[in-house]
Amino acid sequence: MQAPIRIQVNGEAKDWRGGATVADLLRELDIKAERVAVELNLEILDRAMFGQRSLKDGDRVEILSFIGGGSF
Amino acid sequence: MADDRLVIAGREFKSRLWVGTGKYKDFVETQKAIEASGADVVTVAVRRVNITDRSKDNLLDYIDPKKYTILPNTAGCYTVEDAVRYSRLARAAGVSDLIKLEVLGDEKTLFPDTAGLIEAAKILIKEGFIVLPYTNDDPIVAKKLVDIGCPAVMPLAAPIGSGLGIRNPYNLKILMESVTVPVIVDAGVGTASDAALAMEYGADAVLMNTAIAGAQNPLAMAEAMKYAVWAGRLAYKAGRIPRKLYATASSPIEGML
């Protein structure tokens with residue numbers, strides 16, 4: 001068990017466990033990976049990388065998906 | 001109309017009415033309105049997932065990406081940097097390279113910042129995006145967008161959400177004659193006649209959101225728009241009669257008493 005970390009997810013602080021991956025975070029948040037784009041510290045991640053990129057203290061994660069809108 | 005397909009960058013589209021997904025009461029209404037419109041291209045925005053309230057449904061649970069072409073847009077982007085960032089995120093979230101590129105000039109008019117639009121389009125085209133730019137009814141800008149590699153252009157009829165209809169039909173007509181790529185009139189449509197008119201002028205498709213979602217009865221308006229786009233397209237292909245100041249009798253004089 002690694003030391004707890006604090007990350008930012010969609011602008012909100014979140015206490016999280018060190019060493020966990022982006023895929024772990026999505027699972028914890030009940031978000032389907034195939035429906036979202038993830039930006040880690042301004043870098044857009046390939047979906048294939050979700051399970052490999054682990055998060056560290058101070059990381060900023062943005063999780064985005066499609067919503068209603070457009071040519072309002 | 002079955003053989004009258006719209007083709008953009010090698011992709012075939014059945015419907016010449018494209019619709020947005022904003023401003024509906026809920027996802028069920030969104031789904032029903034899209035169904036009633038007959039549209040097969042549906043534009044969506046890209047935003048943060050609500051991570052605190054996960055009870056909210058996902059739009060794509062209601063709009064099947066296998067049935068519809070999902071066209072992400074960069075609505076709400078006022079800078080080249082933001083538009084490029086959102087385009088990349090849209091590609092990462094979705095399955096295609098299609099992007100409806102919007103670089104907006106200001107909040108009051110939501111007119112496109114055409115200089116920024118061209119700049120962003122160049123960057124994205126280099127990255128392999130199929131850029132469908134939301135632009136002004138300016139034929140010169142449209143030509144520039146085509147020159148840099150946009151496979152279609154999407155000029156406005158009037159400000160987004162204004163419902164004013166086609167404010168500058170002559171510019172739009174010149175624009176359509178100036179470019180060799182499909183022209184999709186995007187934004188400003190208020191009612192069915194506006195959509196029909198756009199198609200009669202020679203638009204290849206019409207994209208709208210508020211005119212349907214904001215109508216008293218969105219489902220009925222969606223259906224009206226479907227027929228308006230059909231009628232306008234058919235009339236354009238049929239070729240209208242020239243306008244004349246004076247009457248021309250349609251009944252023969254012969255045989256009169």
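A salt bridge is a side-chain nitrogen of Lys or Arg within 4 Å of a carboxyl oxygen of Asp or Glu. The close-ups below come from a predicted model.

**View 1. Asp4(B), Arg16(B), Arg233(B) and Lys237(B) are linked in a network of salt bridges.**
One link in this view joins Asp4(B) to Arg16(B), with the closest N and O atoms 3.2 Å apart. Asp4(B) sits in the segment before strand S1 (6-8) of chain B, and Arg16(B) in the loop between strand S2 (11-13) and strand S3 (17-20) of that chain, so the pair ties together parts 12 residues apart in sequence. Asp4(B) is buried, at a relative accessible area of 9%. Arg16(B) is buried as well, at 7%. Over all chains, the count of salt bridges comes to 18.

**View 2. Asp186(B) and Lys100(B) form a salt bridge.**
The closest N and O atoms of this pair are 2.7 Å apart. Asp186(B) belongs to strand S9 (residues 184-186) of chain B and Lys100(B) to strand S6 of chain B, so the bridge ties together parts that are 86 residues apart in sequence. Both residues, Asp186(B) and Lys100(B), are buried.

**View 3. Strands S6, S7 and S8 of chain B form an open sheet.**
The sheet has 3 strands, in the order S6-S7-S8, with parallel pairing. Its edge strands are S6 (98-101) and S8 (154-155) of chain B, each of which pairs on one side only. Strand S7 (residues 130-135) of chain B pairs with S8(B) in the parallel sense, over 2 bridges. Thr135(B) has Pro155(B) in S8(B) as its bridge partner. Helix H3 (residues 114-126) of chain B packs on the sheet and touches S6 and S7 of chain B. The direction of H3(B) makes about 175° with that of S7(B).

**View 4. Ser37(B) is found in helix H1 (residues 27-37) of chain B.**
Is Ser37(B) buried or exposed? Ser37(B) has a relative accessible area of 1%, so it counts as buried. A polar atom of the Ser37(B) side chain lies 2.7 Å from the backbone oxygen of Ile34(B). Leaving aside neighbours within four places in sequence, Ser37(B) is in contact with Leu17(B), Val19(B), Ala222(B) and Lys226(B).

**View 5. Chain B and chain A bury about 2,900 Å² between them.**
Carbon and sulfur atoms account for 60% of that buried area. Chain B brings 39 residues to the contact, and chain A brings 27 residues. Across the interface of chain B and chain A there are 3 salt bridges. The interface also has 9 residue pairs in polar contact, both residues being at pLDDT 80 or more. On the side of chain B that touches chain A, the elements that give two or more residues are S4, strand S5 (69-72) and helix H2 (80-93) of chain B. Which of these elements gives the most to that side of chain B? H2(B) does, with 7 residues.

**View 6. Arg48(B) and Glu62(A) meet in a salt bridge between chains.**
The N to O distance between the two side chains is 2.7 Å. The pair runs from Arg48(B) in strand S4 (residues 41-48) of chain B to Glu62(A) in strand S5 (residues 60-68) of chain A. Arg48(B) is at 45% relative accessibility, so it counts as partly exposed. Glu62(A), at 17%, counts as buried because the cut-off for that class is under 20%.

**View 7. Strand S3 (residues 37-40) of chain A is covered on both faces.**
In a regular strand the side chains alternate between the two faces of the sheet. Ala37(A) and Glu39(A) lie on one side of S3(A), Val38(A) and Leu40(A) on the other, and all are buried. S3(A) pairs with S5(A) in the antiparallel sense, over 4 bridges. In S5(A), Val61(A) is the bridge partner of Leu40(A). S3(A) also pairs with strand S4 (residues 43-44) of chain A, in the antiparallel sense and over 2 bridges. There, Leu40(A) stands opposite Glu43(A) in S4(A). S3(A) and S4(A) make a hairpin with 2 residues between them. Asn41(A), in the turn, has a positive phi of about 50°.

How values were computed
Residues numbered from 1 in each chain as written. Chains lettered and ligands numbered in written order. Predicted model: local features only at pLDDT ≥ 70, side-chain atom pairs only at ≥ 80, totals over all residues. Heavy atoms only, no water. Pairing = 2+ DSSP bridges. Contact = heavy atoms within 4.5 Å. Axes fitted to C-alpha atoms, helices over the stretch in contact; angles between N-to-C directions. Buried < 20%, exposed > 50% of the residue type's maximum accessible area, 1.4 Å probe, protein only. Buried area = accessible area lost by both parts, 1.4 Å probe. Polar contact = N/O pair within 3.5 Å; in protein donor to acceptor, adjacent residues only side chain to side chain.
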